[in-house]
Amino acid sequence: MGVYVHIPFCAQKCNYCDFHSVVVGDEERFSSVADNYLLSLRQEALYYRKIWGQEPLDTLFIGGGTPSLLPPDKLAAFILFLREELPFVKHPEISMEANPQSLTAEGAKILKDAGVNRVSLGVQAFQDDLLLAIGRIHRSEEVGGSVLALREAGITNINLDLIFGLPGQTNEDWVKTLEAALELEPTHLSCYGLILEEGTPLTTWVNAGLVEVPGDDQQAVMYETTCRMLKAAGFEHYEISNFCLPGFRSQHNLLYWHNRSFIGLGSGATGYIQRLRYRNAADVDGFMETWNEGIPYYEESATVSIEQEMDETMMVGMRLLQGVEEEWFRNRYQVSYWELYRGAIEELLQRDLVEYKEGWLRVTPTGLLLENQVSSAFLR
Amino acid sequence: MVQKNIRNFCIIAHIDHGKSTLADRILEYTGTVSKREMAEQMLDSMDLERERGITIKLKAVRLTYRAQDGEEYILNLIDTPGHVDFSYEVSRSLAACEGALLVIDASQGIEAQTLANLYLALDHDLEIIPVINKIDLPNADPVRVIKELEDSIGIPGDEAVLVSARTGQGIEDILEHIVARIPAPKGDIEAPTRAMIFDSHYDQYRGAVAYARVVDGTIKVGDIIQMMSSGRKFEVSDLGVLRPNLVRVESLGPGDVGCLIASMKDVRDTRVGDTVTIASRPATEPLAGYRPAKPMVYCGLYPVVNEEYTALRDALDKLQLNDAALTYEAESSVALGFGYRCGFLGLLHLEIVQERLEREFDLNLITTAPSVVYQVVLTNGSMMEVDNPASLPPITSIDHIKEPFVTASIMVPDEFVGAVMDVCQDRRGVFVNMEYITPERARLEYHLPLAEIIMDFFDRLKSRTKGYASLDYEFMGYRESKVVKLDILLNGSPVDALSCIVHQDKASSRGRGLAEKLKDVIPRQQFEVPIQAAIGNKIIARETVRALRKDVLAKCYGGDISRKRKLLEKQKEGKKRMKSLGSVEVPQEAFMAILKVD
């Protein structure tokens with residue numbers, strides 16, 4: 001079980017991104033907004049403390065947006081507050097996302113002292129023209145410095161986020177990006193195929209024919225390149241988009257893939273508590289206002305039936321390359337997935353999209369690239 | 001009301017010339033409907049009619065009007081459908097009138113349907129009152145339209161009434177013209193009763209409701225009426241007039257227009273064109289000759305999932321209650337399973353039925369490409385009618401095939417005459433005649449195969465003439481034709497529902513075009529899908545839908561599982577709308593793809 005905190009602030013919006021964030025203004029103004037926002041987060045945390053009860057929390061993930069935009073001391077104080085007030089285990093995994101350009105060794109040290117032990121850097125690519133094309137504000141040469149700063153501060157569990165399928169990106173560009181990433185010796189790599197999300201500037205440009213992005217076939221080639229190169233470099237491919245050195249799986253993300261409960265805090269965040277799935281409204285001002293009065297501001301909330309949860313457990317679980325264990329599922333729900341989904345599973349087996357071995361149902365190499373068809377088969 | 005104070009009239013117009021708006025204004029002006037209750041375009045009550053801007057089912061409304069002569073008149077406005085598919089219904093409603101308002105758009109002028117409707121009206125000896133509408137528009141040119149009237153139809157220009165249905169200008173003029181010029185009915189109140197049914201609809205509480213015009217005699221509540229075409233008898237339980245809501249009356253006399261409720265269980269008991277008489281003293285001669293509407297276009301309707309077969313039948317049953325022109329019978333297809341072969345008056349009729357089935361009955365349907373009815377003369381000399389390409393007999397047993405032809409009338413500005421000729425030539429048209437209505441506007445007459453008309457002909461014509469061409473056509477007869485069956489194979493297996501009958505000279509280009517089109521509409525699947533077009537055993541075209549390489553969501557959206565679920569469900573929903581043929585998922589539009597092939 002864990003906690004997700006959303007920090008919806010960015011220095012600039014990247015043109016492919018549809019995550020909730022607002023562009024911050026001048027430093028002084030941002031400083032007061034940040035203070036208020038962190039205050040509201042504290043109130044929200046206290047609200048869920050009562051509902052959550054005593055179940056131990058193993059992970060904390062601070063995502064965004066750009067969490068590293070917050071002054072490190074303020075963020076550190078907030079992390080300590082959460083660890084104090086919520087039932088965290090003694091040594092939780094505490095991850096945060098950071099932009100390569102907004103990290104200093106001193107800042108990292110402060111965060112490390114508050115318990116941050118894993119940092120995910122939004123690197124995306126190692127070619128400045130590609131970074132420029134997607135609206136990133138950092139330059140590729142800054143990445144090495146950030147990694148050094150983190151190590152200096154004692155944070156050695158480092159993930160790099162990379163994207164393939166960027167406008168104008170070739171397979172060679174992508175190979176170079178992977179090589180440069182490996183050279184920095186991260187413990188974890190997330191390699192995402194670009195998704196053209198509705199409403200983003202990039203999508204508008206692509207639809208208008210102003211920008212060209214590699215198609216699905218090219219993305220498939222890049223993906224296969226990724227799997228091959230990272231495997232050769234000793235990385236374990238454990239989830240569709242995620243690779244790590246042995247022992248360095250993201251515990252927090254595993255929580256999602258196991259469809260576990262988590263507290264979501266912040267404007268636009270989602271959470272899942274006692275089978276209530278909620279999504280906070282993506283509205284920073286509204287978030288702060290409502291927490292002044294101590295009440296949640298949901299855009300959507302619904303109780304998930306046990307049947308629906310089982311479907312979703314299969315839907316997300318099949319993203320893991322190890323698959324879903326029959327015994328694990330049966331212990332959790334007192335029913336075998338064979339009983340629930342026999343027809344669907346048999347069709348997937350017949351299409352060679354999944355295999356069933358030694359009690360585990362998992363995607364095949366073919367199924368990996370067509371994973372949507374696997375996951376959706378479990379939605380009744 | 002005595003007959004001398006009754007006027008029965010209808011409004012005829014080319015589509016979009018403002019017929020419905022004009023009807024609305026007349027209703028409003030005579031106080032039949034107040035402005036407040038006036039939903040936009042009162043007479044078009046079905047959603048579909050409003051969306052498409054056409055009137056599908058005609059209705060009759062009774063208006064009262066105190067004319068300038070001080071007397072009060074009953075004006076029965078009988079609405080008519082404006083589309084060529086429904087010309088039989090148009091002609092029945094014309095038969096219920098003594099006069100017609102011929103509405104012409106002041107900026108568009110006379111169009112093909114204006115003329116077609118006018119000729120129909122003249123056939124019924126109706127008094128014509130030309131109404132030039134939309135005179136408030138900046139590009140209105142009533143002087144030119146008046147000249148067109150005089151030149152092409154020979155109607156004196158000073159008989160035209162200038163109006164704007166939008167602003168209400170000229171409405172009173174129209175009403176005075178109706179009273180002054182349209183003759184009163186001249187029925188014989190003493191003669192055996194005769195009333196003509198010009199429309200009917202099914203009401204779930206009252207059963208079939210017939211709209212009728214009484215010509216001679218009287219119908220009273222309690223009378224036993226008899227349908228002259230079938231001899232069936234019913235007791236009249238209610239009589240009413242529409243104002244526009246139903247108002248009960250005790251009797252309908254000569255000249256009256258109203259509705260008739262007599263525990264008739266469906267509209268097949270109230271055939272449009274039939275004559276109603278009184279069983280105790282029946283008339284000997286029916287009114288105008290009744291003929292059932294004959295379907296001209298057939299297609300297969302199949303549920304995407306077989307479980308909906310019964311629901312489809314129930315829905316067709318219900319629609320037919322209201323639409324006697326719709327025919328259907330069970331058929332089956334190797335590819336699509338069990339479904340229905342349905343007959344329609346034309347393409348628009350087909351589209352309306354299909355849309356209503358999907359919208360009102362929530363059915364997920366596959367519609368196969370429409371086909372005309374071919375007459376196949378076999379080597380043994382016998383003749384069979386074939387409305388489904390899949391049931392064409394083997395080529396060796398066919399002596400020759402005849403296909404239906406229509407006489408098409410196309411009106412177009414002078415500069416597009418060449419383009420129209422091109423399109424008609426390309427569609428195997430035979431030139432018959434060309435005349436100039438005015439120096440700038442020509443009317444072309446062609447004989448065309450109906451099969452070509454239903455292949456997107458009008459859209460093609462419109463796009464080649466910048467939207468100026470107007471079209472009207474009527475069935476002329478069967479002609480021998482060199483047609484062949486074009487088959488489509490997916491993954492090596494023939495798909496009967498994709499077969500079509502095409503002219504021999506066009507077979508290879510249509511085959512190539514269809515294979516290309518199918519390649520575009522069939523989504524990529526796990527394995528590559530070869531598409532072949534074949535005539536007999538000869539493959540004439542081949543395309544391949546390449547295998548799907550990637551279908552995966554990279555991100556997990558920060559634990560936002562409901563978002564992921566929604567994305568996958570949407571994808572799954574799209575799949576549900578496809579038909580599985582063997583291992584190939586085929587979307588609905590694939591079955592209509594032939595229509596989009598040139």
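**Briefing: strands, a helix pair and a chain contact**

In chain A, strand β7(A) and strand β8 (residues 188-193) run parallel and are joined by six bridges. Helices and strands here are DSSP runs numbered from the N terminus, helices being H or I of at least four residues and strands E of at least two. Two strands pair if DSSP finds at least two bridges between them.

The model is predicted: local features need pLDDT of at least 70, side-chain atom pairs count only at pLDDT 80 or more, and totals for chains, interfaces and linings use all residues. Residues are numbered from 1 along each chain as its sequence is written, while chains are lettered from A and ligands numbered from 1 in the order in which they are written.

**Strand β7 and its partners**

- Strand β7 of chain A covers residues 157-164, and seven of its eight residues are buried (20 or more other C-beta atoms within 10 Å of the residue's own; exposed means 12 or fewer, partly exposed in between, with C-beta atoms placed from the backbone).
- Strand β6 (residues 118-124) of chain A also runs parallel to β7(A), joined to it by six bridges.
- A:L162 in β7(A) stands opposite A:Q124, and A:N159 has A:H188 in β8(A) as its bridge partner.
- Together with helix α6 (residues 171-183) of chain A, β7(A) and β8(A) make a right-handed β-α-β unit (with the strands pointing away from the viewer, the path from the first strand over the helix to the second runs clockwise).

**Helices α1 and α10 of chain A**

- The axes of α1 (residues 27-52) and α10 (residues 284-292) of chain A come within 9 Å and cross at roughly 50°; axes are lines fitted to C-alpha atoms, for helices over the stretch in contact, and angles run from 0 to 180 degrees between N-to-C directions.
- α1(A) and α10(A) are therefore oblique to each other, a class left over once angles under 35 degrees (roughly parallel), over 145 (roughly antiparallel) and 65 to 115 (roughly perpendicular) are set aside.
- On the α1(A) side the contact is made by A:N36, A:Y37, A:S40, A:Q43 and A:E44, and on the α10(A) side by A:V284, A:F287, A:M288 and A:W291; contact means C-beta atoms, placed from the backbone, within 7 Å.

**Residue B:F338**

- B:F338 lies in strand β19 (residues 337-344) of chain B and counts as partly exposed because it has 15 C-beta neighbours inside 10 Å.
- Leaving aside residues up to four places away in sequence, B:F338 touches B:N306, B:Y309, B:A330 and B:S332.

**Contact between chains A and B**

- In chain A, 28 residues are in contact with 20 residues of chain B.
- α15(A) gives the largest share of the chain A side, five residues.

Technical notes: Two residues are in contact if their C-beta atoms, placed from the backbone, lie within 7 Å.
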